[in-house]
Amino acid sequence: MAIATLAGSGLPAPAYGQAVADRTLSDVKVDNVGSCSTLTITFNIRVQMLSYFPTTAGQELHVRVRPLDPSSASLLRESLRTPASVPALRSIAYEGDNPSGPVLSLYFTRDMHFEAEAGRDPQTLVIRLSDPGSGAKCETRNGPPPSVMGLAIPQGLYVVNVLSRPEAIGSLDEKLAAQLQGHVVYETLFERDSQQWHRLREGFFATREEAEVERARLAVQFPDAFVVKVTAEERAQGVASRIDDGAATPAAQTSQPAGSEADTAATAQLIADAEIAIRDANNDRAVQLLTNALAKPENPNTPRALELLGLTRERKGQAAQAQAEYQEYLRRYPSGEATDRVRQRLAALAGPQGAPEQLRQASSGPGSAAAWTWGVRGSFSQFYFRDQSTTKFLDASRPEVGAEVDNSVNLNQLLTSGDVTVSGGNDQRQVELRAAGSYTWNFRKGGNDIDTLTALYADYSDRTANLSARLGRQTRNSSGVLGRFDGLLLGWQVKPRVRVNLVTGFPVLTSRQTHVLKDRYFYGASVDIGSKRSPVQTTFYWFDQRTRGGFIDRQALGFEGRVLLKRFNAFTIVDYDVKYSKLNLGLLTLNYAFPDNSNLSITADYRQSPLLTTSNALIGQLDSATLQPITDLRGLRPFFTDGQIYQLADDRTLVTKSLTASYSRPISQKLQANLDFTVTNTGGTPATPASAGTEAVMGLPSVGTEYYYGAQLVGSGLFWSSDIYILSGRYSDTQRSRTWTADFNARVPVTSKFRLNPRVRYGKRTDKLFSSDFHQFQPTLRINWYPMRHSEVEVEIGGNFSRQRDAIAGAQTTITESGVVLTAGYRLDF
């Protein structure tokens with residue numbers, strides 16, 4: 001934690017920071033219901049959401065996160081393939097190199113309304129999107145229920161998923177509409193891993209038992225139907241976007257008085273936006289806009305909105321809904337200017353050629369939930385990194401020598417990365433095959449090429465049997481597993497509130513390890529308690545890791561807890577090592593969102609560093625005969641007893657403690673202030689004297705207490721409609737030095753496909769033990785170009801100028817450095 005805090009609050013580092021790193025982002029899934037799209041972004045590490053900006057709408061969304069597994073967090077920028085069902089979303093990027101701390105950034109082609117919150121587990125963030133023109137916001141735990149045009153919201157959150165298929169549902173035929181009469185019927189769209197499923201749902205039921213009775217009634221015609229509990233948000237959006245005949249104009253509208261001039265103007269604007277959407281073939285958005293236009297009090301523009309809604313539903317293939325809209329038009333406006341036109345369209349729909357498409361109902365049919373579909377998604381990128389500098393060394397005690405000059409290329413390499421996933425299945429069963437890795441060509445003389453294997457696994461999930469399995473190289477940060485491993489993970493949903501997981505495998509120390517390393521192996525079991533929608537989630541686990549030679553490497557009993565309430569969320573981990581009788585990890589995070597949209601986050605962290613394992617006994621151990629590191633615990637047995645080896649592991653492990661508080665508050669619609677404070681305390685380790693065959697291991701002195709302070713001012717729309725400016729300042733007071741940094745970062749969307757990101761960073765460090773100071777100045781300019789969807793070209797060029805002065809015995813030495821940093825590359829998603 002101390003190292004991560006130093007990286008975030010110390011001197012700025014060049015963007016290339018780490019050329020090859022493990023991925024932080026995992027995947028994204030999206031649920032579309034009505035006018036709301038809910039994105040769930042999954043990380044490979046646990047994160048805590050601190051704040052997001054802007055807090056309402058814009059073309060960019062930036063979410064500040066704090067990695068809870070800092071040693072596994074990437075210092076690079078990453079991206080995820082954007083889902084096809086959210087066409088306005090241009091890019092999803094993780095910026096691990098941000099000087100103020102990691103940021104998840106989403107870029108859009110037009111203004112969107114968004115809200116962000118912590119996910120069900122600490123490896124997920126939930127972002128809800130809606131179109132500002134829809135006039136409705138998505139519901140979150142931190143806000144009020146969404147507006148649904150004054151319609152009554154039924155009780156109950158259980159629904160029957162009647163039908164699922166890859167194609168749009170379209171409209172209901174008369175027989176099915178009669179069969180589902182009396183309930184709300186709506187369509188959702190789910191997308192993940194290049195698979196899209198349109199789901200026809202019927203609700204809402206107060207209990208699972210009531211829903212199961214309805215499912216049993218439909219089972220003869222729809223054997224793949226199943227019961228699921230949905231969110232209050234989906235219920236509200238489902239009511240607003242229902243496709244049964246009950247979705248016609250709300251009855252409350254007919255009794256409303258004539259609208260005002262403001263209502264007339266608002267309706268006209270919604271109609272104009274809908275006509276643009278229709279021209280762009282975005283019928284879903286047009287339906288949302290026109291539905292909201294009809295929610296306005298009756299005014300002179302209402303007839304046009306109703307006619308267009310019928311036309312748009314007709315183009316979507318929703319013949320029954322189009323008929324209902326046209327009939328409503330004729331009932332309300334029998335002598336309107338479009339009456340003849342509407343009658344002609346209604347007559348065409350009523351004829352043989354206008355008969356609504358029948359829904360495929362056979363469980364084995366090509367478009368049913370039981371039919372399997374296959375897809376491939378992935379990404380390919382190439383980035384060139386170069387850093388060259390000129391260093392001048394001047395010794396004031398020898399002025400006759402002059403300055404020593406060194407020209408060097410510090411970094412010169414090409415990083416090629418690939419990530420491919422083949423997925424197949426239906427709405428209940430999924431198979432996924434994934435491979436991800438990279439190769440680095442090092443062009444420096446004497447440099448080594450690097451290949452990495454990030455993921456290579458096969459995954460299977462079956463909702464009907466409530467089973468899941470994943471075999472191969474994978475990442476998990478839960479239930480005692482500390483990141484990447486080669487092995488098997490099994491899960492069984494025993495009951496709606498109980499899930500049992502079993503895991504076994506071999507730890508992967510780094511993605512550069514491209515083979516299975518069998519020196520250590522582990523197995524573990526965990527029980528997750530809490531339903532999918534429960535505000536409280538708990539996990540109890542047992543984890544046992546062994547090494548060659550019969551050593552117990554790590555033996556842990558643990559607990560994880562998660563609380564998600566309207567304005568409050570918390571997460572905790574307690575990992576206790578049974579073998580060493582020590583707390584290995586204790587972590588608590590608290591987040592509270594105030595009614596004024598300000599947010600307070602607190603993190604308390606206690607951990608052994610590195611986490612206590614018997615393999616820590618190898619740290620610093622050298623064979624006296626060869627002076628080579630001892631890399632196997634069995635290599636210590638000729639010199640130490642097993643008891644002494646366990647004690648060596650304990651001696652080589654530090655204890656780090658930290659407390660962090662972050663506060664964010666909107667000053668205005670265009671400004672937000674962020675403050676953070678961190679205090680850390682790191683202990684030391686004792687020395688180990690030399691033995692008959694090993695060298696002595698030096699002890700580490702206690703670092704003591706250190707303090708870090710940060711402030712940030714974020715502004716949006718100051719000069720252009722969607723620009724963002726970030727001004728940051730940080731100060732650290734450590735045992736060895738004091739450090740000040742300032743950073744200015746601007747994000748300017750020139751067009752929807754072209755964005756500029758200039759940055760200026762300055763840092764100063766003074767040493768407390770010696771007369772020494774260090775200054776660094778780094779200007780950079782990043783250019784992002786999106787030539788087409790799922791593609792990005794990025795170029796960043798910057799300078800690095802520094803000066804260090806040291807006074808030794810009255811004489812002063814000066815080291816100055818000037819350099820150029822270049823990053824250029826492209827990323828393709830498919």
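The model is predicted, so local features need pLDDT of at least 70, side-chain atom pairs count only at pLDDT 80 or more, and totals for chains, interfaces and linings use all residues. Numbering starts from 1 along each chain as its sequence is written, and side-chain values use heavy atoms, with hydrogens and water left out.

**Whole protein.** Show the cartoon. The protein has 11 helices and 34 strands (DSSP runs numbered from the N terminus: H or I of at least four residues, E of at least two). Of its 830 residues, 52% are buried (under 20% relative accessible area; exposed is over 50%, partly exposed in between; 1.4 Å probe, protein chains only).

**Arginine 64.** Select strand β4, residues 57-67; arginine 64 lies there. Arginine 64 counts as buried because its relative accessible area is 11%. Leaving out residues up to four places away in sequence, arginine 64 touches Gln48, Met49, Leu50, Ser51, Pro102, Val103, Asn674, Asp676 and Gln712 (contact: heavy atoms within 4.5 Å).

**Nonpolar patch.** Select Tyr521, Tyr523, Trp542, Leu557, Val574, Tyr576, Val578 and Leu583. Together they form a nonpolar surface patch with about 670 Å² of accessible area (Shrake-Rupley method, 1.4 Å probe; for residues, only the protein chains shown count as cover). Colour β20 (520-529) and β23 (568-577): each supplies at least two patch residues.

**Leucine 583.** Finish on strand β24, residues 582-593, which holds leucine 583. Leucine 583 is partly exposed because its relative accessibility is 31%.

Conventions
Patches are made of residues with over 30% relative accessible area and no salt bridge: like charges are joined within 9 Å, nonpolar side chains (Val, Leu, Ile, Met, Phe, Trp, Tyr) within 5 Å. A salt bridge is a side-chain nitrogen of Lys or Arg within 4 Å of a carboxyl oxygen of Asp or Glu.
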